[in-house]
Each structure stands twice: as structure tokens, then as C-alpha cells.
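Please keep the sequence and the picture side by side as the dialogue goes on.

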Amino acid sequence: MANLARRLIWGAFVVVSVALFHSNAGAQVLPSQGEGAHLGAQTCAGSTCHGAVQPWPNSSVLQNEAVTWANHDKHSKAYAVLASERGKRIADNLGVADPQKAGLCLDCHADNVPEQRRSKNFKISEGVTCEACHGGAERWLGVHVSGIGGHKDNLAAGMYPTEQPVARAKLCLSCHYGNSDKFVTHRIMGAGHPRLSFELDTYTASQPAHFRVDADYIQRKGRTNGVKTWAIGQAVAVQETLTALTDKERNKDGIFPELVFFDCHACHHPMSNLRWQPRETVGLGPGVPRLNDGNLIMLRLVAGVIDPALGERIESQTLQLHQASADGHAATLAAANTLKETLQGMISKVSSHDFMGDEMAKILDVLITNGLQGDYADYIGAEQATYAIATIVAAMQSANKLDGEALKAVNDGLEAAYKAVANDESYRPQEYMDALRVVQVAVRSR
Ligand code: HEC
Ligand code: HEC
Ligand code: HEC
Ligand code: HEC
């Protein structure tokens, strides 16, 4: 939950979340897979480029991105943490001699492009650098520094479209969830790797954002709101999950299913904290591990608002998936494929929806109602719900849909919700539901 706390601190820098203009977003080649050499962070960080100490008053971009990244953004430390005590422990337990030399780790903890795509100033030790997200600069640096043309020309020359939520979600999730090239398995978790958690809008704010969405930004890149970014993030996360779950390279570990697809806390929480309660949308009895459905329950909610029939189909097929998971591998695979089919076109459906006006309040209301019906009995559900509430409340606030006493009361409820999810191992669903009730009363009192 560190990210939720950081969001509060850094959220003020991001006025509204960012834009979606170009419709071909999903087809992008990721920076790690693209062409063009990577020139290293120092190439971007000149004091007259992106390495200013303070933001420039008259520039369209802040210009101090490199300082933000170096001083406040964990990506700049991602290589160094491999040599930390924890990093070494993980490596030792896996029989990896040096994690700072192992592709297994570097693929997510650095800009690990092949040798032939590293220019002379490239340093692997710089971690997750500008080019790991914005793409190798060799091809676009010329256009970019010439000052002729604009963002479109950069994109045409190969810069990665981080402003487009679908493309951004795929980029972030490639490391924060994994893809067919790299993946944190339960064996890696078991060696000591931290659990991965992600929500696109929250993580964009808490990185922290090294950009400011102002009039100039909107003119260059278009506008959207945090709720839409959140919804798209959920759609992409579910797609990535179902792709991995149906990928035979990733869905099994020996005779066992790959345990990272399950709710970690179904197996890992102290036996003194008895918290199991039935969930209607899961339908499994006590003592059975449950698939991690944190993103699925959020996406079901989004679908329910934009296309109620689809929402119901997702709900019943998710229930079937949970049931199938208790019947073995073949049944799980079949149910996951059915759901995957149903969700074809979901990302573009969500992308072409606005989520403006009263819809934000509606989503918030359904989110809370589902929780009060017991949907967040598992920690992962509560964690995603908290990211969602924070995002929606921020978006409603910036659209002037929530202020004064109501806003204050909502924030009290939100704070109680943060507290209830602050420690995953001592999570108590009842405490979380109490917090939801506070938010519900406050939102309905507007
Ligand atoms: C699929 C991508 C991926 C792979 C592969 C991966 N990691 Fe990570 N790792 C992450 C992400 C993302 C985080 C940050 C999680 C968070 O805080 O939300 C992380 C966090 C960590 C941390 C905690 C850092 C901190 O600040 O406390 C350590 C240590 C670590 N990884 C070591 C390793 C080692 C060693 C390997 C190789 C055996 C490895 N990782 C492989 C993505 C990956
Ligand atoms: C973990 C991914 C990531 C890393 C690392 C990263 N960025 Fe970004 N950057 C983003 C995202 C996301 C945005 C916001 C969307 C957008 O406008 O493209 C962004 C936006 C920007 C912008 C556009 C601001 C605007 O107003 O249009 C600049 C400039 C920028 N980054 C420079 C850098 C530089 C320089 C570095 C390295 C020092 C860097 N970024 C590292 C993800 C990243
Ligand atoms: C190349 C892999 C990679 C990509 C791409 C990437 N990240 Fe990360 N991210 C990491 C790793 C590794 C860490 C952990 C670093 C550490 O703890 O030192 C991390 C850490 C973070 C953290 C801090 C988490 C915490 O627990 O405090 C945030 C926030 C974050 N990333 C957001 C993003 C966002 C938003 C994007 C997409 C715009 C993104 N990341 C793209 C690898 C990546
Ligand atoms: C089906 C049950 C199950 C699920 C689900 C599960 N694990 Fe495990 N986990 C185990 C077992 C069994 C071990 C081995 C315990 C031991 O060696 O003492 C283990 C070991 C671990 C360890 C090492 C503990 C130690 O004492 O060193 C970590 C860390 C871990 N798991 C993290 C996770 C994470 C993160 C998730 C979710 C992504 C997860 N597990 C999901 C059953 C599970």
C-alpha cells in the first residue's frame, strides 16, 4: 500500500490523468522490443534538456524530469536493489550467481536491450531509464532536439506513446505483472521477491509523475480523466492475466498450477487472523485457494456500467472460472478461454467510453455496494477497490462533482479504508466494510 500513501503526496502534481487520442494504441511495439539504439539516461539529462534543477517557467514540459527520476523515482534504483540484501537473498535461493548480471532480473530491473542496441554512453546500471519507457532515442532524438515538428513527429520517429492509456498500461504491466518474455513465478516469489500489485492511474501519480497536465499538455496530447485511465488499466490487466493463464509456458509448474495466478493471501496469512467468509461471486467453500480476481471484479463493474448484459456475462463466467479452478487444470483452461473470448474487444470498448459526468459517481456507488455485499472479503479485492475509490474521488473533485463537507467526509472514509488495507497480513474485511459505509453515506449526501 506504499503507493496509496505516495499518491496522496504526489497526487497534487497531476491535475487530471492523461490522454487518449490515437486508436491504434495496443499494437505498439514495447521499448524493449523496438528498433533503434538506447543512448543512456545521461543523454536525456543535460541541464538544458531534461536535467534542469527546477521546472522551467516558460517551457511546455517541466525540463527537470531527470532530477525527479534520479531523486524520487524508484525506477532509477531498480538495478541497485538487485544487490541489496533482499536482492541477493532471492538470487541465492534461486541459484543465480549475480542478479546484476542475470537476464532473469535485469529484464525488469533495467533497460536490458541486447548489446547491439546499446550505444557507447549506455549504462545498464542506470536501471529503468527514460528509454525503458519512452523508447530507444537513436531514431527520434534528431527530430526531438531540432525543435521542428511536435509530439506527433516524435511518435512517427519511434518514441513510445506513453500518453495513450492502453499503450502505457501494456508498458507498465510488462514489468509490474510480466509478459511472455518475463514473469515473476511463484518460485521467484518463494525465493523472497515481493508480491506485485498495480493500478495504472495510482501508479502513474505515485511514480511520481514528472509531467504536468495543463492547458498546453492537453493541447499537445489530448485529455482524459483518471477514471478512464483506471478502467483501461483494468481491461489491459485482465487481458494480460488471461493470456498468461492460458499460456502453457506459464500456467503450470510441474504437476501444480502456477501459484502466482492465485490470491497470495488465500495461502499466506497468519492462522490467528481468521477472516474467511463466503463470496457469492466466487462460490467456493472454505479452505480452497482462490484465483486472484482483483482486476476481474473491477472490470466486471466497469462493464456493468457501460453494457449491463456484458457485465452479467462476465460475472457468471468469472464464477465458472473460480469453480473450474477447483476441478483441475483442463477445466480452468477451458473456463479461462471462454472468458477471454467474451472479453475480446473489451479494451477498445472501454477506450471509446468517456466516464464523465454522473457516471463517476455511479461507478463509485456500485463499487461500494459490491463491497458491502462482501466482494472485498479478500485482500486483493480491497486493495484494488481502494485504488479505485482514490482515483474516482480525485477525478470527481477535479470535475467539481465533490467538494465541501461531502468531500471532507469522503476523505475520512478513504483514510479509514487506507488504514484497513495498510497491512495485507492483518487485513480484516469487517473493518474495511465499516470504512466503505462512511464513504457511501458521504457520497450519497452530496
Ligand atoms: C516481471 C518483472 C520482474 C522480474 C522478472 C523481477 N522483478 Fe524484482 N521487482 C519487479 C517489480 C515491478 C518490483 C516492484 C514491486 C512494487 O513495489 O510494486 C520489484 C521489486 C523487487 C525487489 C524489492 C525492491 C525494493 O525496493 O525493496 C527486489 C529486491 C527485487 N525485485 C529483486 C529481483 C531479483 C533478484 C530478480 C531476479 C531473480 C527480480 N527481482 C526479477 C519486477 C520484476
Ligand atoms: C517508468 C516509465 C517512465 C520512465 C522511466 C520515464 N518516463 Fe517520462 N513519462 C512517462 C509517462 C507515463 C509520462 C506521461 C505520459 C506522456 O505524456 O507521455 C511521461 C512523460 C514525460 C514527458 C512529457 C511531459 C509533457 O508535458 O509532455 C517528458 C519530457 C518525459 N517523460 C521525460 C522523461 C525523461 C527525461 C526520463 C528519464 C530521466 C523519463 N521521462 C523517464 C513514463 C516514464
Ligand atoms: C522495465 C521494467 C519496468 C517498467 C516498464 C515500469 N516499471 Fe515501475 N518498477 C519497476 C521496478 C523493477 C520497480 C522496483 C524498483 C525498486 O524498488 O527499486 C518499479 C517500481 C515502480 C513504482 C514504485 C513502487 C513502490 O512500491 O513504491 C511505481 C509507482 C512504478 N514502478 C510505476 C510504474 C509505471 C506507472 C509504469 C509505466 C508508465 C512503470 N512503472 C513501468 C520496473 C518497471
Ligand atoms: C496455494 C497456496 C499458495 C499460494 C496461492 C501462494 N503461495 Fe506462496 N508459498 C506456498 C507454499 C506451500 C510455500 C512454501 C512454504 C515454505 O517453504 O515454508 C510458499 C512460499 C512462499 C514464500 C517464501 C516464504 C518463506 O518462508 O521464505 C513467499 C515469499 C511466497 N510464497 C509468496 C507468495 C506470493 C507473493 C503469492 C501470490 C502471488 C503466493 N505466495 C501464493 C503456497 C502458496
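Predicted model: local features only at pLDDT ≥ 70, side-chain atom pairs only at ≥ 80, totals over all residues.

Q: Which protein atoms are donors to the iron atom of ligand 3, and how is the geometry of its site read?

A: Donors are N, O and S atoms within 2.8 Å of the metal (3.2 Å for Na, K and Ca), and since water is not among the atoms, sites may look incomplete. Six donors count as octahedral if opposite donors are over 155 degrees apart and all others between 65 and 115. Ideal angles for six octahedral donors are 90 or 180 degrees. In this model, the iron atom of ligand 3 has His75 (NE2) and His176 (NE2) as its protein donors at 2.0 Å, and the angles among its six donor atoms run from 85 to 180 degrees, making the site octahedral.

Q: Where do His75 and His176 lie in the chain?

A: Helices are DSSP runs (H or I, at least four residues), numbered from the N terminus. His75 is in the loop between helix H3 (65-72) and helix H4 (85-94), whereas His176 belongs to helix H9 (residues 165-176), so the pair ties together parts that are 101 residues apart in sequence.

Q: Which residues coordinate the iron atom of ligand 2?

A: His134 (NE2) and His210 (NE2) coordinate the iron atom of ligand 2 at 2.0 Å, and this site is octahedral, with angles of 88 to 179 degrees among its six donor atoms. His134 is part of helix H6 (residues 130-134) and His210 of the loop between helix H11 (200-206) and helix H12 (215-221), so parts that are 76 residues apart in sequence are tied together by the pair.

Q: How many of the 13 residues of H15 are buried?

A: Buried means under 20% relative accessible area, exposed over 50%, and partly exposed in between (1.4 Å probe, protein chains only). Twelve of the 13 residues of H15 are buried, so this helix is largely enclosed by the rest of the structure. One of the residues in helix H15 is Leu296, which is buried with a relative accessible area of 10%. Contact means heavy atoms within 4.5 Å, and, not counting residues up to four places away in sequence, Leu296 touches Val238, Ile314, Thr318, Leu321 and Leu339.

Q: Is Asp378 buried or exposed, and what is in contact with Asp378?

A: Asp378 lies in the loop between H19 and H20, and Asp378 counts as buried at 10% relative accessibility. Beyond its neighbours within four places in sequence, Asp378 is in contact with Asp263, Arg279, Arg290 and Tyr427.

Terms used:
Residues numbered from 1 in each chain as written. Chains lettered and ligands numbered in written order. Heavy atoms only, no water. Tetrahedral: all angles 85-135°; square planar, octahedral: opposite > 155°, others 65-115°. Helix = DSSP H or I, 4+ residues; strand = E, 2+ residues; numbered from the N terminus.
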